[in-house]
Amino acid sequence: MPHDPSSSRTALRICPLCEATCGLTLTIEGTRVTGARGDREDVFSKGFICPKGASIGGLDEDPDRLRTPLVRKDGVLTGASWSEAFEAIARALPALAQEHGPQAVGVVLGNPNVHTMAGALYPPALLAALRTRALFTASTLDQMPKHVSSGLLFGDPNSIPVPDLDRTDHLLMLGANPLESNGSLCTAPDFPGRLKALRRRGGSLTVIDPRRTRTARLADRHVAIRPGTDALLLAAMAHVLFEEKLTDPGALADHVEGIDEVAEAVRDFTPEAVAAACDVDAATIRTLARELAAARTAAVYGRIGSCTVEHGTLASWLVDVLNVLTGNLDRPGGALFPLSATARSPRPAAPGKGFALGRWASRVSGHPEAKGELPMSALAEEIGTPGEGRIRALIVLAANPVLSAPDGDRLDAALADGLDFMVSVDPYLNETSRHADVVLPPPPPSQSAHFDFAFNTLAVRNQVRYTRPALPLGEGLMDEAEILARLVLAVSGTHGAEPDAVDTGIIDRALGKAVADPLSPVHGRDPAGISAELTGRTGAERRLDLMLRLGPYGEGFGADPDGLSLERLLAHPHGIDLGPLAPRVPEVLTTRSGRVELFPAPIAADLPRLRRALDGRTDPEALVLVGRRHLRSNNSWLHNVAALRGGSNVCTLQIHPEDAARLGLTDGAPATVTADGGELTVPVEITDGVRTGVVSLPHGWGHNRPGTRMSVASAQPGVNVNQLLDGSRLDPLSGTAVLNAIPVTVTPSR
């Protein structure tokens, strides 16, 4: 039947599939999304779209998506009603916690949580209801080193400076490939276009990466560093700045302590001393430092390739050390702290509580917590090791640690045999959720509201956008906010109460604090009267309205009639531009000193480990493994979307032609890769896009386990790169798994 254009309509939706948060215009026919294009009027993305956003209709309609809850009956996951599912949870989890204590219930949060409105709003309430410290998240597989270094330097692990992409004159980028990832810990729609604009205005881009990525090919200078040595290189650059008297903190000088101590700490890290380990000659290192110091404005930016390594926290710290020493931290064109519309309203600068590590430790291996989280690498042993405090139940929200964490086989076995009860909130029966006793499926993106709480705190321009669901909930589905609110009620012993009670309680507590705060615009007012003024169709919207009104741009319940509220935001469907990033020091600092503490004690204690790396001798024929990102994927999420398969989105072992010839490897033929955790067989891809001594496998593959329902993914399963890891390699300060620069051997498969 021919398509009738008159039956179509359009609706706006912020894309939830990566950190770029692009605005989309969806084409809708009836109850189906039949197309997606970039929203040209979006105040932030201005029409940019990538293949993931364009495929959102396919994700919506994936026939493998779960559309009803599943409950395990007689060992088999079976379709069930929502009431059956929550009743099963309410029977099991409170009883387990009562018998074995709150630490017997663990919580796992995956990356998709920060890509949904509900995933950002409700996990804190869930953790509070459970009273558990057994929290494991994707951060210790990705970005925790940056949280830890930011917490130590600035007092708040979520105060992360981002490069001012649109105004900088010089960008030095390590371990990042935003032309494939669309950016990370730096929310920037059309990252490629912003980098090209940097070069058009006469600026320069330097990329430090062992692979000649698409981003590296765009750069003015590409330095093919040996993986895992970013901290050594950065320390040597800091050494040059001190040695050649190129340091100038500028306006930040009165707000920084510890510069002299850093100078002494990097004294041994001369370019000549680190050159062999980094495989970057001393002259190049000196040039990198001089160019950084000479640029009118500059920013140093490090991402996953410099985080998920042995010295990830030290590398993250040194990124900001260089920004401070060159006067580029907290100035336009440098690295700045965004100000989100839902952040706490700014208040006078004053010392804070600071940031502490290791307030408790994991039961088995004694891993210290970081930011309230334990290493994901420790999850399997916390389930499988007998004794008091063993994790007996697990709630997994939008996570697939069997593929994303080291040694998935061990975790797979622990989930199968070591738990009394497991709940998974996931739209798929995947490698992890297949072990659950209850699976609660959220609706597809088109049927969900969207607000970016986390990514607006990392955006390269202050702005605010919100989209309501483009389509009504499908038959039998439940809104994700209601799912998580009912989950909170089920685990807290109040199953059966209305889910709005969760939001009402959170609002009441927030207002109680606000009216008691002398710096709040509602100080001294009646909380009930303020609550009655909130608008919104749902509890989640009322909470958003509250945060907007009390936030830094808010109307403050009448204090500023031109300020933000949910009502005003809804009147601007393409978003509201709040202006470029601006300096925020000292107001943003919450350290005990009220200053940037450039040489905190945990960093000082870890530096001897980096010094020992100077003495390492590298076998010229040794190979190390690094990961890689694909534009048409995001970890393990999207491998079941047929439109995104193929092209560069394949699971192959990339290796340099010289290494392939030496090892007798043939393009397209299988090779066996062996490391600490075992071995894998994978097709070879010979390419000079990876430097000698390095091989590369993408993350998120390995869809070959029985019991899943992901037909597209399982047809081309690939291999799980993290099975090469046994979980023993961690960055000690952050507990982050070392996923890059892993020693491997590669041989032809016979």
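In the predicted model, Glu244 is partly exposed, at 26% relative accessibility. A salt bridge joins Glu244 to Arg290, with 2.7 Å between the closest N and O atoms. This pair links distant parts of the chain, since Arg290 belongs to helix 13 and Glu244 to the loop between helix 10 (230-243) and strand 12 (256-257), 46 residues apart. Arg290 has a relative accessibility of 39% and is likewise classed as partly exposed. Through shared partners, salt bridges join Glu243, Glu244, Glu272, Arg286 and Arg290 into one network.

The structure contains 44 salt bridges. Among them is the pair of Glu291 and Arg221, whose closest N and O atoms are 2.6 Å apart. Because Glu291 lies in helix 13 (residues 282-294) and Arg221 in strand 11 (residues 221-223), this contact ties together parts that are 70 residues apart in sequence. Glu291 is partly exposed at 27% relative accessibility, and Arg221 is partly exposed at 26%. Another salt bridge is formed by Arg525 and Glu533, with a closest N to O separation of 3.0 Å. Here Arg525 is partly exposed, with a relative accessibility of 30%, and Glu533 is partly exposed, with 33%.

Helix 8 (191-200) and helix 9 (214-218) each contribute at least two of the patch residues. Arg217, located in helix 9, has a relative accessibility of 53%; the cut-off for exposed residues is over 50%, so Arg217 counts as exposed.

Aromatic pairs number five. In one of them, the ring centres of Phe191 and Tyr301 are 6.4 Å apart and the planes meet at 25°, so the pair is stacked. The two residues are 110 positions apart in the chain, with Phe191 in helix 8 and Tyr301 in strand 13 (residues 299-302). Phe191 is buried at 0% relative accessibility, and Tyr301 is buried at 5%. The aromatic pair of Phe451 and Phe453 is tilted, with 4.7 Å from centre to centre and 55° between the planes. Both partners fall in the buried class: Phe451 has a relative accessible area of 1%, and Phe453 has a relative accessibility of 12%.

Arg595 is situated in the loop between strand 19 (576-580) and strand 20 (596-597). Its relative accessibility of 28% places Arg595 among the partly exposed residues. The C-alpha atom of Arg595 is 28 Å from that of Gln463, the two residues being 132 positions apart along the chain.

Terms used. Residues are numbered from 1 along each chain as its sequence is written. This is a predicted model: local features need pLDDT of at least 70, side-chain atom pairs count only at pLDDT 80 or more; totals for chains, interfaces and linings use all residues. Side-chain values use heavy atoms; hydrogens and water are left out. Helices (H or I, at least four residues) and strands (E, at least two) are DSSP runs, numbered from the N terminus. Buried means under 20% relative accessible area, exposed over 50%, partly exposed in between (1.4 Å probe, protein chains only). Rings of Phe, Tyr and Trp (its six-membered ring) pair if their centres lie within 6.5 Å; planes under 30 degrees apart count as stacked, over 60 as edge-to-face and the rest as tilted. A salt bridge is a side-chain nitrogen of Lys or Arg within 4 Å of a carboxyl oxygen of Asp or Glu.
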